[in-house]
Every structure is written in structure tokens, then in C-alpha cells.
Amino acid sequence: MSKELDTVEVSIRVPFGKSKRLSTTASRRARVQSIMYFLAFNAASKYYTNYELLHNGVEVDEQQLISELAGNEQTVHLQLRLKPYNTGEVIRHFVTFREYIGFVGDSDDDITSLALSNVAKFRELPLTDIAAASGKTEVADDRQKEEFQVSDAEKAVFTKELDSILELRPSAQDVLKGGSALSKPCLRSLIISGYNPVPAFFRTKGHLLYLQAVTLEGETLHITATVSGFYVNKSSAIKFDPTLKTDAAVCLTLYELLTKHSKKFASHLSQLEAALKAHESVNYVKPISVFLHKTWFPSSLPSNSIDFTEYQLEALNFQTERNFNDEFQAVKETSSEDIVARLEKEKLLNRVIHDFNVAASKGSMEIFYGNMVAMNPDAPRQEHIFLKNNIFYSFVSDLDGHYQDKGGDAAAHAASNQDLHIIKTLLQSNMRSVRHLLTAVVEFGGVRILAQSPVPGILDTAGMKFIKNEKGEEEAIQAKNDITVCYGFDEASNKVIADAEFGSSLDDFAKVFHLKKHEVDGVELKVASTSKGVVGFDKRNYILDLADNNPLDVGFALENFDAVTDEKARYPHRQTLLRRELVEKWWFSKVDGTGSEMEAAYEEGKFSYNPDAYKIEGIEDETVVELSDYLRKEVVPTLVKEVAEGSITAPFNGEHLVDIMHKNGINIRYLGRVIELAEQELEAQRALREAHLQQVEADNKEFTEWEANYLKHIESLIKERQVTIQKLLAEGKEVPAELKEELKLDDKEIRKPHEKEGVAVNNDQLSVLLTLAQIEIISRSIKHVFRKHCHELPAVIIPTFIAFALNLLFGYCYNKAPIAEFPTDGSDIDFAFTKLTREQLLSEISEQAVLRFRYTLPDGWESRYEHTPFALLRPICNKFGIQLLNKEYFFTREQYQNWRQAQDKKIRSKLVEPVSTFSINDLSVRPIIKVATLTTGVSDDCWAQGAYMINEEEKQATALALFSQSIAFREETSGYVHPTVAESYLALSTIHSKLEKKSEAVALCRKACAIYERVCGFDSFEMIRSLNNLAMLEMANDSPYNAALCLKTIMSILSVVIPVNHPATINSYSMLHSMCSSLQNSSAMIKVLNKLGDIIVEIDGHKSLPYAVNESRLANLYASVGEYKRSLACIESCYELFSKELGVNHKTTVECNSWITGVENLIESTSQSKALAASKAAAAAKQGEKKPAQKQQQSAELRDKSIDELMNFINGGSAPAKKSKKKKNAKK
């Protein structure tokens, strides 16, 4: 790799700037294009967009390798020569310049016109600068290691932040409010002028385009773009005169022109550049291969200024119509012999795939809004097909009856998702023997469109041919297209066919998906019979209809579809296939379980299955049954068990639960089963605890009886001894030494305290799992109900239905009889949904829950979310594509009145009471876009090399360099803003942390947070997970204030997304307690533990063993600050709980009992000391003497003691010296 990454110096002579020269370094194996990227981001050259690079006077191509220019030299000398503009270059300059001066905002991406995004706000968290490594060395004192090395100022701000956390009562509106835009335009507007197109007379004078700018001073500038540059012309709003204005000059760039004509432009641009420079680029750059997160709770409506740019640019597009399939397949065929070639290939693939996804999304929305003409306009709407920009669109439904016996449209819907998942796998496989089509699934208002790049030639007509009919007359008929199915099921002939030559290209496909050869209707196949092999006009082999290459979940299908005769109770479809993750998980388990070599097992096709098994009558395969059983009997129960035990992190929200299930290969239809198993686990743990408590109660009773009898036994022994001694004394005999010694007891008769563990119920983990699984079921059931009612509605009426339905569900307490609100004064059509009642809606939701998840919702489930409506609203909006405006929503009249009274009197008098909770003016509907994306193999390989080396100390520096290079490769191919880039930064931060590179770890984790917020959302589980990591890293880096800010953010988000306490909240308070301890802030520690105790009671519903442990820590703290009465109250509470949970003869309970006695004695001693001190003080006052007080010193000493030392002190021992603490602990 080192040879490939050799660098050279690049010196570029330019016609601008003071030095007239720019310098940079580049890899020898990079292309000239990388130098052009440098020029595009360099402050001195970025405004020059129309140039050519010369080497030795000859123009170089951007795809040329730098090594070809450098030869054996270490420096490459280039010249930048400006070119005359043409219209296309003027438009490119105009678009690029708009981006540079703030017209492309932080929340803009390629589909901003389809949905809203919030401005990211993580960068606005008042995090302090990353603390430099302290360089602390090993010291003898453990306490010095535990203490934070922070200033008094940071201690103060931490304490203030802690107080705000303890009083935290966040609202969804505050938590999810977007940030402030970083990029703000430096002009009021910059648009293409309405005076375009250029008249023929002026075109011959070199005029290319007319622009119009309005400066911040309010001056309107009409600009002429010519072949030589830009100048301000004489035109006005009412007069067209594109000639040079008096005293104006021709400028090479728009930047140069506007700087001359507007002082505010120059100053604001400097401010913008300074603001951008102050932040990491991931906070504001536009993503190039993914979409930004489209929030369900946008903070504001779009503030559109007058700007026709998008429409004008489409009209001025000089590019020919793109053929995405040709581009995609051509790039796939390019060589990838070295790293640079592979990177270039992956970069181009990412760009083509993303451009296709953008075009498919926008094209689908044109169809939904009725702006695209169908190829078959006379057919019913569901049968309409469309073709635009070489993208084929069709509504997802069972048009040809293929899924008639499997559930019809519902099966077709499922198959479209499954097809896309197969394509995701194929994208990563780099398979070239057989090709797939670019595919996107776009859903809007419950209607789904499948967008694909068509097989070349399949839509072409073969013209007409003439035949003679029965009467001997010539008749014109449509000639058959040569592009036909040559492998798989041919609908035209209704037969399964298998071309041998095409079949040979499917070997790699069969290996990737673990498919075995099988026969269907006497024809041997390598793939599912429903898949279709087609040779395109470009002579490439294509495979279509991929879904059925996944195996059937036969156990589920037999139980919930085949065996159910009542259609109303039957699962909606039989397209219940297993996920790829499940197949791969099973396959690896088989390889490991049999001790096979992985590579050999793959090449030999071991552990393969028949994809047509149980889908076609008479075709069976035990492997498919084994796969289904593996999921149902092993994977699902194991997942629930691991969540219950805490070995898997409790999901942060519904999306996290779904992600965990999918990564384990579990389909969402098993949510009901997950709840069933979780409830069984919870009941089993409760039964185990109840049995344990009963046993403890019995043991306590038995021990108490034994103790009483044993005491009697000791008393009898003492009496016997006393009698013997008295008798000896009476007889004048000497008393033997053994009678003078302490009474010797038989150790075998004494019951020493035991240390058996208590039994606790994992309510925190299981309650979260149960709650989130139920929320997912409810929200998905609501999605299906909404889809049913919206299926035939016009796009503009969908918001009316949504507002009406949400009012029925959530606004019932505010308005029990909501009325549908239409966008105009009235509707000419009587829509059926307007007659829907709350009871009917709830009934339909419950039916869907049973039908799709085999789960019966509990009675009154809707009332559970009356106090936390946003916990359910959020997943509903995300799943159906609803965007609710971030504002106050009133779910009861009381809420509105309280809010109204809180307003200023002047505002209050102007308020109009809302008719219902939700209005159509509060929401919009966005498309749900599902696409397949490519991950970079070069980056993965580089990362794998680093992972192999990282555990060898002498290779750690190389490993870290490889990790950084891996991320750089990923950024180059996918862009700076991408989920996989964030994942890499997060993983690398963990690695740095383990290597004690704490400040570097913090910086990397902050970058991951910034990216995750933009691509996944502020309330996403990825963001919460990253914030949690960041909090731990900041804490480890001696930055308690920063850690507290992160924990506060986590708790705020969790309060919105889940209606129960999450283990992460407990963990957050535990971390806060540790930080307070490191800051030696006992009063703050007490506050945190009191809060933690309240949360434990909320989770368990009663005072439990965890509560007792927390109380014991409180008792320790109270004792350390001299509040012995409070300490005693906590200890007595602990003793009662420990006795109940562990037993009276448990070591902890016995120590607790001893502690009670000691504290009681200490309280009495302290009281006596106070009385004695008072009398001495009074006597001293008379004699004019003063004694120094000892209380403060004593409290300080006690505060520094451990729990064991406190026990020793309370029981009458002396406090050990601090320097000997480590030895004492070692002895223990």
C-alpha cells in the first residue's frame, strides 16, 4: 500500500492572487481530478470554475494519472488557464457560486423540495474545548487517580448543570427544536433573470445568460454573462438593456463583480467563511450519496424567497437524457486492479446510484401528484405504467395475478421490499456475470411505486408486421420484441425454461445466496423459478424478480396462513420469507458447528437450500424447515433472553428494536412473539423472586428460632460455669484456668453469615422491550389502517384524513367530535372516512395488530399514551411519512387554558381557540423512500488490515493509520456525511479510548454525533448511542461538564421517545454520581442518589434490592457529612429490605444491623460530646478562653473514608491513615 500512496508536490501557476502560484500534495496513483477538487475548495481559487490545466503547455484530462505527469520527478508543475465561458459553464458557475455564498442551507439535500429537514443542533451544545491529555502518571494514591483535574470554574458550571438535570422536565417541542442555520445567504437573492432567453441579436455579441441579484443594501443588479465574464448592465424591472452599464467593468467571476458593488456582500461572506471555518465540515456540507434525515417534527415552514432557479435550471439543462442503467453497468465493468481504480469505480457507482434514487423519488412524486402522463392512460390507475429519464415506474400491486393465492396486493407489497433487500446484497457482491437493475421503492400516502431502470431493449417496440387473416386480407400486428425471458418462469408461454448458456452465469449468484440446484416441471434451475433471466439489447445477462430467492418461513406460513380457513383471521399474505441476515447467521453456525472450512464450504455450495421449497406444491426441502425452526425456536427466544439479561443493550426506541431484530434475522411479524416471550420471561423472573422471598422468609423464621435456642444454650452453659465456679469457691478450691477464660463455643454449631445472591427482576430491561414492541405493533397497525383509507384518496386530501384520524386518536379529550377539515371551503366529494368514529378506528387498529402480529392489544391501550402522546405520535409519523409542525398541541382543554393563561395579556386577547388538536395547516406528508446503497470495499479491506494489527503493540501506529485511511477512503467514495462514515468514526473513537488516547477519542466521537444527527435524526437511536459514548469519553477525559451536557441530552430525548424509564437513564445518573464523587461533592452525590432511588421505585413498582443498595450508598454519604440521623433512617430502611430480600443471616444484613448499632451509638456519643463541648465553651467564655472547633475537621475525615472504614469507625475502631488505605484494601 505504501508504494501506491507515494505522494508528489504539485505546483500550479495561476493568473490570480499575489504569489500567482498554489501548491498541494497528491498521490502518484491519484488522478488529475483530485487536483481539481483541491482548487474547488481552496479559498484563492474556488470562485474560478471555468479553466483548463496545462502540463508543459498541453491540456491534461481530469482522468489522467498524476504518475504519468510526474514521471520520476518529485514535483509536478501545472498551469491553470482560464477558458471562455459558454452557457453551460455560466450555469455551472452560477450554481456553484450560489452554494458558496450560502444559498444552499445546512438542511438542504437533493430532495429538499419533497420533504423538510431540521437544521442540526448538536454543534450548538455548549461543549467546551476538548481537554488535552493530562499526562498523569501512575501514583500510589488511588483517590488521586479517581479525582478530576478540573478548575473551580468547571466544578461550578458542572454543579449548575447537574441541578438543571435533576429538575429536568423537557417538552417534545424543546427537545426536538432544530438549530440555527449556519449558512445564511450573503445576498437577498440571486436568480436567473426573467429577460432570458438571450435574443438572437445579443447572442451574436457574446451574451450567454442574464442574471439578477439583490444585494443586502437593497440594490437590484441586472447582470449579463458573456464569453469573457460578467458585468452589470443597464436593464431595470421595466426596461431591457443588456449593454454595459456606465462605469461598470467586466469581471471574471460573480464573486469579483458583487464584491465591487456591495460592501455588505463582502463583509457577510467573510463572516460566513469564518463561521464555517469554526466548525467541522460535517456540520454543514451537502451529502452526495444519501439523503438528510427528514424529521417528523420540523421546526418551521420553508421560508421561500422569490426564486425560479430550480425550474429555470431544468429548462436550461443541456445534458442529454440520462440512461442510468447504461452508466451503472458500464462502471461495473471498469477495471479495479489497484486501490485508486477501485476507489474511482466505487465513487462513480455511488454517484450513479444516488442520482438514480433522486430522479426516481422526484419522478414518483410527479406521478402521485398527477403530473406525469401514463404510457397506458386508458387503463385503471393501478395498472398505469410510466417512463421518464429512462426510469420505469409502476404501482406495486398484483396486476398479473402472480400473488393471487398468496395474498394479492399485500404479497406484492412484501415482495417489493424483499426484492430490494436482495439487490442490497448484490450491490456488495460486485458480481459481474449476471446483472440486476437499479431499484427504488417510493411510498406516499399509502400508495407504493416501484421505480426501476429497465432492461435495455425490453420496452422497445419491434415495429409492425403484416400477416394475412382468414379472409386473405393483410393485417398489421405488433411484432414480438426479441428481448424475452430465457431462464425461469416465462409468463408468455406459462412455462419454466432454462437456457444453458444463461444458467452458467448464475453460479456466483447461487453461491452468494446458498441456493441448491433443483427441478421445477422437469427443468433444472439454479435460482428461484419465479426469477426471470433476460439477455438485454446490450448483450448483458439480467436477473429480475429476485424476492423468492429467500427461503420461505414455512413454519409461520403453515401455522398462520395455510391452516387458517377464516380469511379475516388469516395472515394477510403468504410471502413470509426469511431475511438474508437469518440465512447468513444460520449458514455460519452450520460451518462452525461442523468444523468446515468457510471458503471451501462457500465454493462447494454446502448448507444450501431449495428456494422453491413449499412455494410450489410438491417441492420440499428439510433445510428450509430447519431454517424456519432455527428462527422460531432458537433466534427469537435467544434475543429476548439476551435483552432480559442485559447482554444486549435495551433498545432506545422502536427503530432500534427493529434494527436489533433485523440484524439477528428476525422479521417484524414476530413482534407479537417477542412480547409473548418477554412476558413469559418477566413472569418467570417474578415467580423465581417470589419463591426466593418465601424461602428467605422461611429461612429467617428458622434462623430466628435457632438463634433464640442457641442463646438459651449459651445461657445454660454460662449458668453451669457459674455454678461450678461457686461450688469450687465454696469448697475453697482454686478455680481452673479454663473456667476463667472466655467461653469456648463449637464452631460447627455457630451459623456464620452467608453470602448467597439475591434475586431481582430485570424490570428495567423487560419493561422497555415490552413497551417498545407494543408501540411498534400499534404504530405499524395504524400505518396499515391509514394506508387502507388513503389508498384511493387524491394527494391533496391525504392531510385532511390524517388530521381527522389523529384528532380521533389523540385529540379525543379536547374535541370528542372532530370534523374533517378540507384545504378549501368545502369538498364536492363525500369521502367515506369523514364518517369514521373513534371506536371504529380503534377497532380497525386492534384487528390489524392481531392479523399482522398475532397480538391482542390490551383493553384501553390508547389511554396509556394520554400523558405521553408523542411517544406514539413519533413512530406513526415516521412510518407513514407525516411531518408535524413543531408547535404547542393541546390534548385537553385544561392544557390549552393553562397555556393561554401563561401568555402575555396582549397576546391572550388575540388568541383564537383551536377547533381540534390537529389541523391540516399543522402537517404535511412526505414520501417514504427505500433505496439500495453501496458500501466501499476498499475502505472495508483497509479497516480489516488495521483490526488485524491493532492488538500488537509495535504495530498500533500502523493500525491507526490504516483506520484513518479507511475513513478517508469512505469519505472519498460516499462523502463526508454518510451513516457508514459516522459508524467508522464511532468505532475509531472506541479504539483510541482503549489506547488511552482520550482527547483524540472525544474528537472522533463528536464528529460521529454531528453526522448521525444529520442523516439519522436528533432523536435516532444512533444519535443516542453516540451521545452515550461521548459522555463516557468526556468523563474519562476529565470533562465532567461536557459529559453532563451529553447525559442531559440523552435523558431529554428518551423522555420523548419512550414512555417508561430506560436503563440508559439509570446509567446516566450513575455516571453523574461517579463524577460528583470524583469532584468530592457529597451534597450533589446525595441529590443524585435520591433521584436514582425514585427512578428505581418507579421501575420496580416497590422498594426492592436495587433500592436497598442505593439506600446503603446514601447512608454512607449522610454519615460522611455528619448527618447521622438521616444516615440511620437509610440504614434502617436497608436493614428491613436486606432482611426481606437476602435474609437476616446474610453478611450484608448482619453488617447493616451492626452499622445501625454503631450509628445509634455515634449519635448518642455526638450528643454527649455536644453537651460537654457546650459546658466547656461556657466555662471557657467565663475565663476568656477559646477552643478550636473539631466538627469540620471530623466531617472532612469521615468524608474521605470508604464504606469499610466508616463501618470500622462506627463500630469503635480508629480511622486508618490515608497513606495506608491501599494496603488495607489489598489485604481484604
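A: Start with a term. A crossing is left-handed if the near helix is turned anticlockwise from the far one by less than a right angle, and right-handed if clockwise. Keep in mind that this is a predicted model.

Q: Which hand does the crossing of α35 and α36 have?

A: The crossing of α35 and α36 is left-handed. The contact involves T1065, I1066, Y1069, S1070, L1072, H1073, C1076 and S1077 on the α35 side. From α36 come A1084, M1085, V1088, L1089, K1091, L1092, I1095 and I1099. By class, the residues of this contact are 11 nonpolar, 4 polar and 1 charged.

Q: What describes two packed helices?

A: The angle between their axes and the distance between the axes. Take helix α35 (residues 1063–1078) and helix α36 (residues 1082–1100). They pack at an angle of about 165 degrees, and their axes are 9 Å apart. Angles over 145 degrees count as roughly antiparallel. α35 and α36 are therefore roughly antiparallel to each other.

Q: At what angle do helix α32 and helix α33 cross?

A: Roughly 160 degrees, for α32 (residues 998–1016) and α33 (residues 1021–1036). Their axes come within 9 Å. That makes α32 roughly antiparallel to α33. α32 passes α33 in a left-handed crossing.

Q: Which residues of α32 and α33 meet?

A: First the general idea. An α-helix has 3.6 residues a turn, so residues three or four places apart point the same way. Now the case. In α32, the residues are K998, A1001, V1002, C1005, R1006, C1009, Y1012, E1013 and C1016. They meet E1022, M1023, R1025, S1026, L1027, N1029, L1030, L1033, E1034 and A1036 in α33. The contact of α32 with α33 divides into 11 nonpolar, 2 polar and 6 charged residues.

Q: Are α5 and α36 roughly parallel or roughly antiparallel?

A: Angles under 35 degrees count as roughly parallel. Helix α5 (residues 152–166) and α36 cross at roughly 20 degrees, and their axes come within 11 Å. α5 and α36 are therefore roughly parallel to each other. Their crossing is left-handed. L162, D163 and L166 in α5 meet A1084, K1087, V1088 and K1091 in α36. This contact of α5 with α36 has 4 nonpolar, no polar and 3 charged residues.

Q: How many residues does helix α13 have, and how far does it reach?

A: Helix α13 (residues 409–429) has 21 residues. From its first C-alpha to its last it reaches 31 Å. That is close to the 30 Å expected at 1.5 Å a residue. Just after α13, N430 takes a positive phi of about 55 degrees.

Q: Now for sheets. What is the strand order in the sheet that holds β1?

A: In a regular strand the side chains alternate between the two faces of the sheet. Here, an open sheet of 5 strands has the order β2-β1-β5-β3-β4, with mixed pairing. β2 (21–27) and β4 (58–59) are at the edges, each with a single partner strand, so one side of each has no neighbour in the sheet. Helix α1 (residues 32–41) packs on this sheet and touches β1, β2, β3 (51–55) and β5 (75–82). The direction of α1 makes about 130 degrees with that of β3.

Q: How many bridges join β1 to β2?

A: 7 bridges join β1 (residues 7–13) to β2, and the two run antiparallel. S11 has S23 in β2 as its bridge partner.

Q: How many residues lie between β10 and β11 in their hairpin?

A: There are 2, and N389 in the turn has a positive phi of about 55 degrees. β10 (residues 385–388) and β11 (residues 391–395) pair in the antiparallel sense over 4 bridges. I385 stands opposite S394 in β11.

Q: Where is P197 found?

A: P197 is in the loop between β6 (189–192) and α7 (200–203). A cis peptide bond joins N196 and P197, with omega about 0 degrees.

Methods:
Residues numbered from 1 in each chain as written. Predicted model: local features only at pLDDT ≥ 70, side-chain atom pairs only at ≥ 80, totals over all residues. Heavy atoms only, no water. Axes fitted to C-alpha atoms, helices over the stretch in contact; angles between N-to-C directions. Parallel < 35°, antiparallel > 145°, perpendicular 65-115°, else oblique. Contact = heavy atoms within 4.5 Å. Nonpolar A, V, L, I, M, F, W, Y, C, P; charged D, E, K, R; others polar. Expected span 1.5 Å × (residues − 1). Pairing = 2+ DSSP bridges.
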